[in-house]
Amino acid sequence: MSVKIVKIEYYLPETIITNNDLEKQFIDWSSEKIEKKIGIKERHIVKEDETALDLALEAGKKILKIYDKDRIDFLLFCTQSPEYYLPSGACILQDRLGLKTNIGALDYNLGCSGFIYGLAMAKSLIISKIATNILLITSETYTKHIHSKDKSNRTIFGDAAAAVIIEKSKNEQIGEFVLGTDGSGYKNLIVPNGGLRNRYDINSKEIDDDSGSLRTDNNLYMNGPEIFNFTIDAVPKVVSETLGKNNTILENLDYVIFHQANKYMNEYLREKINIPKEKFYLNLLHTGNTVSATIPIAIKDALGNKLIKKGDKVLLVGFGVGYSWGGTIITI
Amino acid sequence: MEKMKTEDFINELKDALEIKVEDQKVTLETNLKDLEEYDSLSVLSIIAMIDKNFGKQIPSSDFSKVTTVSSLIESIGKEHFE
């Protein structure tokens with residue numbers, strides 16, 4: 001049995017923060033420098049009363065306008081910004097999207113590798129005959145976790161949700177997977193407080209990261225240099241392992257889409273792995289790093305911009321928080 | 001990997017920091033944090049430069065202890081230099 005992605009939609013929240021907005025708040029932050037180096041001009045962010053589930057609902061509604069909701073028999077929901085500890089967001093989504101009740105639905109907690117893991121699970125659910133038509137939604141609102149004075153993370157991250165439908169197909173259009181995990185790096189990208197290990201602490205003190213960004217342990221913390229070290233080490237390996245497992249070489253691929261972390265990092269990885277520039281997707285200009293939503297957004301936009309077309313073989317690689325990573329090759 | 005001349009390393013470093021060669025004097029004694037160009041973005045460039053030239057990643061705990069150019073060279077390992 002074989003599988004394919006048949007539909008992709010995404011939703012960006014209405015509020016936009018531009019580099020100029022950030023420049024006004026952080027006096028030594030150059031809008032021009034940010035855009036040149038990080039490749040981000042603006043990012044969409046949720047309002048105070050808007051959550052990842054709300055974004056997921058919008059992306060879900062969009063895809064159900066072009067796909068019969070009664071055909072869906074499994075819902076996978078990826079987020080690290082859940083509505084509640086319990087119940088699962090997926091259960092709430094099943095009801096709000098008006099999906100049938102005789103379907104499976106579950107949440108999973110992953111970040112930048114989340115879309116790849118979602119595809120892997122969707123493929124195995126279909127092949128094992130547990131499901132036939134799967135709705136996979138990745139939705140993230142890291143801005144909820146970021147301190148208002150954390151200029152680095154406010155620059156990089158944006159909020160978004162993406163929805164895809166995975167179905168049975170005649171030919172295999174989702175290839176073999178390489179998945180990886182190294183929890184030894186868990187402290188390098190973390191929201192320390194707010195779970196059950198360290199409760200949210202209203203008196204948590206402000207920490208200056210030495211480069212003019214502030215945060216508390218209630219907020220998102222990212223050790224940028226260490227995350228870059230991890231990607232330099234992990235991404236070339238996952239690329240070569242994914243190619244190997246799919247019995248192909250880089251030259252036989254039509255296109256490569258990495259998780260859109262930031263322009264500088266992705267461009268360095270591209271050079272290191274020797275991926276030709278014209279085969280490499282790089283666009284965070286209007287969205288920033290939207291975590292588990294970057295890859296489906298990139299596929300949709302690359303299709304829209306005719307960078308990829310039906311029949312193309314595209315390498316997808318996700319990597320980040322956990323640490324967690326994964327790669328696969330899809331046929332458009 | 002070939003050993004690198006200190007002078008070449010300083011030029012690579014200036015390049016990573018986007019300091020024009022003729023613009024500013026950077027020596028072994030220069031404290032990186034005193035440079036206007038040194039910020040969280042330029043740290044990414046320095047990490048990339050070190051990986052490219054030495055095939056090596058400096059743990060961030062070591063990186064945070066780096067003060068002068070000379071101490072950065074020590075973190076990379078003096079054996080990599082002429």
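Of the 82 residues of chain B, 18% count as buried, a residue being buried if 20 or more other C-beta atoms lie within 10 Å of its own, exposed if 12 or fewer, and partly exposed in between, with C-beta atoms placed from the backbone. This is a predicted model, in which local features need pLDDT of at least 70 and side-chain atom pairs count only at pLDDT 80 or more, while totals for chains, interfaces and linings use all residues. Residues are numbered from 1 along each chain as its sequence is written, and chains are lettered from A and ligands numbered from 1 in the order in which they are written.

**Chain B and its side towards chain A**

Chain B holds four helices and zero strands, where helices (H or I, at least four residues) and strands (E, at least two) are DSSP runs numbered from the N terminus. Its radius of gyration is 12 Å, which agrees with the value near 12 Å for a compact globule of 82 residues; the radius is taken over C-alpha atoms, and the globule rule is 2.2 Å times the number of residues to the power 0.38. Along the principal axes, the C-alpha atoms of chain B fill a box of roughly 30 × 25 × 20 Å. Among its contacts between residues at least 6 apart in sequence, 64% join residues at least 24 apart, two residues being in contact if their C-beta atoms, placed from the backbone, lie within 7 Å.

Between the chains, 11 residues of chain B are in contact with 14 residues of chain A. Helix 2 (40–54) and helix 3 (60–63) of chain B each supply at least two residues of the side that touches chain A, and helix 2 of chain B gives the most, with seven residues.

**The sheet of chain A**

In chain A, five strands form an open sheet in the order 1-7-6-4-5, with mixed pairing; two strands pair if DSSP finds at least two bridges between them. Strand 1 (2–11) and strand 5 (104–108) of chain A are the edge strands, each pairing on one side only. Strand 4 (residues 74–78) and strand 6 (residues 133–140) of chain A run parallel and are joined by five bridges, and Phe74(A) has Ile134(A) in strand 6 as its bridge partner. Helix 3 (residues 52–64) of chain A packs on the sheet, touching strand 1, strand 4, strand 6 and strand 7 (160–169), and its direction makes about 45 degrees with that of strand 7.

The axes of helix 7 and helix 8 of chain A come within 10 Å and cross at roughly 45 degrees; axes are lines fitted to C-alpha atoms, for helices over the stretch in contact, and angles run from 0 to 180 degrees between N-to-C directions. Helix 7 of chain A is therefore oblique to helix 8 of chain A, since angles under 35 degrees count as roughly parallel, over 145 as roughly antiparallel, 65 to 115 as roughly perpendicular and the rest as oblique. The residues that make this contact are listed below.

| Helix of chain A | Residues in the contact |
|---|---|
| Helix 7 | Phe228(A), Thr231(A), Val235(A), Pro236(A), Val239(A) |
| Helix 8 | Met265(A), Leu269(A), Lys272(A), Ile273(A) |

The buried residues of helix 9 (residues 294–304) of chain A include Thr294(A), Ile295(A) and Pro296(A), and what covers the buried residues of this helix includes helix 5 (114–127) and strand 14 (313–320) of chain A. Just after helix 9 of chain A, Lys306(A) takes a positive phi of about 60 degrees.
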